[in-house]
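Hi,

Here is the structure I promised to pass on. Please open it first, then read my notes below.

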Amino acid sequence: MATPNTDNNVRHRNASKGPSGIPSPADSRPKRRGVADAELEADGLIQWKRHIEQVKAELLEQIQGPLNDLLDKAITESVHSYSKRSTADMGVNKPTRVHRMEDGKVFMSRRSILDELFEINHIRTIYHMFIAALFLFIISTLAVDYIDQGRLVLEFDLLFYAFGKLSTVLWAWLIMFSYTLAGPYHVLGLWGGCYHSSRFRGALTAGAGLALTAMQMCILGLFPIYVVIQYQLPPASRFIIILEQIRFLMKTYSYVRENIPAIINHKPKQGETPRLPTFSSYLYFLFCPTLIYRESYPRNPYIRWNYVAVTFAQILGCLFYGYFILVRLCIPVFMNESNQPFSTRTLVLALFHATLPGMLILLLAFFAFLHCWLNAFAEMLRFADRMFYKDWWNSTSFANYYRTWNVVVHDWLYYYGYRDFLWLSNRRFRSAAMLSVFIVSAVVHEYVFTLCFGFFYPVMFCLFAVIGVVFNFTLNDKRKSPMWNIIMWTCLFIGQGVQVCLYCQEWYAQIHCPRTGRSFWELVTPRSWSCSYQR
């Protein structure tokens, strides 16, 4: 009984199939139409998604600038209102140095921009590309050495030379640090303790000022120069001494500049001791990555030691990166082993050869110091304000570039140079105040390069005091088009090429054509202008 039913069922299932069980064309047509409709629908969804992403990108681009300005304004106003509330809550009987917005820079907890950007996979890929380029430099160096010498040679003689005599650097730094730690603190403490009780406040202030100035000139002024010249330190060791000299000078000036008005304005009551800055706050200030003194800063709750280790490893990687750039891209070009005389042709060719390594060195210096070095010390000290730089790479004007490239130094120049100049002139000479800041910056940069390279070649002074001033006033904040960002980057490439080209040429000219006299014009005239490299 079961067999006939089974056969009927089989025949019923195969009724719609051909001789071999293959679906008939009439049945396959609807299925093909369904597949085609599904493909069209998928293509439509993909196009619609792309359109929505494009609209999203355009919308974000339009609102990014106003939104950032609005958030910065909201944060500033909230800090301002909090400072006012704190002052009101403290009362008259509890005087304290509460920082107000009009008094200067406000510190707040915020991350560095690159730390935020590296969380985006697209930006981190660019970082990975730079690491891959470093590996390529290493492989090419090994390959060239193997071809030339028949063996694998990976020597770092240039690094060992540049950072030579580190023991001299260490004891010289200890002397400068010991004075900076003890000298200004005790002089300010003695002056502040006697100021309100003294009958001769003017004489006391003048005497303390002269004593502090004399000590500053001897220990932080002449002593580093003597060490650099007398002990013939190599370039990188010279940079350590001279940059630390400038850092100590700027920090001590900020410490004195911020505390003198506070001591003068706070007159202690009868039997009350004057309120002076604590030693611990001054010691913390000497190491924290800022040049603006405050008694306290926003602090993070803990230290991420893995972050510190990664940043120091990145600094080491940047040193090796710079070494390979010099060895592979700069030294072969500027050694001039063919004894070519100096000419316009050689200068132009060398300039365009130097643009790429010059820009790479600029990016490495920015990443190694302004990001890694400062963030490493900020993390170890739990310093929460990590705004050491802003998005200078998006600048469409050199005025914005100068403000955002190095926020740490810019804040010092703005509050103690530009703003104090306006205060002294009753806000009448803004252009002169800005020009004075550029002149000071140009002189300091030229001072650093002259002492560290061992010769006078005013490239940095001309770039800052002449070209920088012109660009600051002409390529100003009114330029908003993306084309101006391209122009800014082009000028940066050319400027870095000029620096690398001229300084490298002068370095080798000093080697091949040493000076024969010690006259003034002999010292200030670049040797590369007249050296023919004849040995």
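A definition to start: pLDDT is the predictor's confidence in each residue, on a scale from 0 to 100. You will need it, since this is a predicted model.

Confidence first. The chain averages a pLDDT of 81. Of its residues, 81% reach 70 or more. Helix α9 (residues 279-287) has the highest confidence, at 94. Helix α1 (residues 2-13) has the lowest, with a mean of 45.

Two stretches need care. Over residues 1-26, pLDDT stays under 50. The model gives that stretch three contacts beyond four places in sequence. Residues 82-101 also stay under 50, but there the model has 22 such contacts. Where pLDDT is low, the predicted coordinates should not be read in detail.

Next, a helix pair. Helix α6 (residues 166-195) packs with helix α8 (residues 235-265) at an angle of about 10°. Their axes are 11 Å apart. Angles under 35 degrees count as roughly parallel, so α6 and α8 are roughly parallel to each other. Their contact involves 18 nonpolar, six polar and two charged residues.

The largest cavity holds about 80 Å³ of space. Its lining has 13 residues. Those nearest its centre are K105, F107, T290, M387 and V408. By class, the lining of the largest cavity splits into nine nonpolar, one polar and three charged residues.

Best wishes

Note on methods. Residues are numbered from 1 along each chain as its sequence is written. This is a predicted model: local features need pLDDT of at least 70, side-chain atom pairs count only at pLDDT 80 or more; totals for chains, interfaces and linings use all residues. Side-chain values use heavy atoms; hydrogens and water are left out. On a 1 Å grid over the protein atoms alone, a cavity is a set of points where a 1.4 Å probe fits but cannot get out, and a pocket is an open set with protein on both sides within 12 Å along at least five of seven lines; lining residues have an atom within 4 Å of a point. Grid points are joined across faces, edges and corners, and a volume is the space filled by probe spheres set on the points. Ala, Val, Leu, Ile, Met, Phe, Trp, Tyr, Cys and Pro count as nonpolar, Asp, Glu, Lys and Arg as charged, and the others, Gly among them, as polar. Helices (H or I, at least four residues) and strands (E, at least two) are DSSP runs, numbered from the N terminus. Contact means heavy atoms within 4.5 Å. Axes are lines fitted to C-alpha atoms, for helices over the stretch in contact, and angles run from 0 to 180 degrees between N-to-C directions. Angles under 35 degrees count as roughly parallel, over 145 as roughly antiparallel, 65 to 115 as roughly perpendicular and the rest as oblique.
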